[in-house]
Amino acid sequence: IREAILSKTDLQQFAVAMGAKLSEGKGDTRELWLFAHLDAKPLHFHKDGDHNLNTVTFIFAIFDQKDNLLDSQERRARVDLPNARLPELFKAGVDVNMTFQLKPGTYRIREVVTDSEEHHMTTFSKNVKIP
């Protein structure tokens, strides 16, 4: 995962959408709200009785203009659903969000998403300018 965070190569094994929203901050910083949506249909599960298990890990990393890693956050979405609830997951997908405090400037946002069952991975970068 660390290599994927530091890489600039994009990889798409899951359908993941990333969005960003900038809000007012305090002093000379602004709050950057990042969110990710994973289409859960391609996920594979470990069966435990009638339950379907998988853990999806989402990581957002912030790099400055010199490509120095400034900050990163990780969220794990643990899926543990009975067979009857899988259609709800497939319809809704998996959503996470994270918030970063940033000073004005241009940043590279790196997102990495992987799962615990098949270790598929999606990675991509997006540039964001904080006014």
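The largest nonpolar core of this predicted model has 30 residues, and those with the most contacts inside it are Leu38, Phe58, Phe60, Leu89 and Ile109. A nonpolar core is here a set of buried Ala, Val, Leu, Ile, Met, Phe, Trp, Tyr and Cys residues joined through side-chain atoms within 4.5 Å, where buried means under 20% relative accessible area, exposed over 50%, and partly exposed in between (1.4 Å probe, protein chains only). Among the elements that give two or more residues to this core are strand S2 (16-23), strand S5 (51-63), helix H2 (86-92) and S8; helices (H or I, at least four residues) and strands (E, at least two) are DSSP runs, numbered from the N terminus. The largest share of the core, five residues, comes from S7. Apart from this core lies another one, of seven residues, including Ile59, Ala61, Phe63 and Met121.

Residues are numbered from 1 along each chain as its sequence is written. Because the model is predicted, local features need pLDDT of at least 70 and side-chain atom pairs count only at pLDDT 80 or more, whereas totals for chains, interfaces and linings use all residues, and side-chain values use heavy atoms, with hydrogens and water left out.

Thr114 is found in strand S8 (residues 105-115) and is buried, with a relative accessible area of 7%. The side chain of Thr114 reaches the backbone oxygen of His120 at 2.9 Å. Leaving out residues up to four places away in sequence, Thr114 touches residues that include Ile1, Phe14, Thr55 and Met121, contact meaning heavy atoms within 4.5 Å.

Side chains of opposite charge can pair when their charged atoms come close. The count comes to eight salt bridges, each being a side-chain nitrogen of Lys or Arg within 4 Å of a carboxyl oxygen of Asp or Glu.

| Salt bridge | N to O distance |
|---|---|
| Asp10 and Arg110 | 3.3 Å |
| Arg76 and Glu74 | 2.9 Å |
| Arg85 and Glu88 | 3.4 Å |

In the remaining pair of the table, Arg85 is partly exposed at 40%, and Glu88 counts as partly exposed at 45%. Lys8, Asp67 and Arg108, finally, are linked in a network of salt bridges.

Methods: A polar contact is a pair of N or O atoms within 3.5 Å; within protein, one must be able to donate a hydrogen and the other to accept it, and residues adjacent in sequence count only if both atoms are side-chain atoms.
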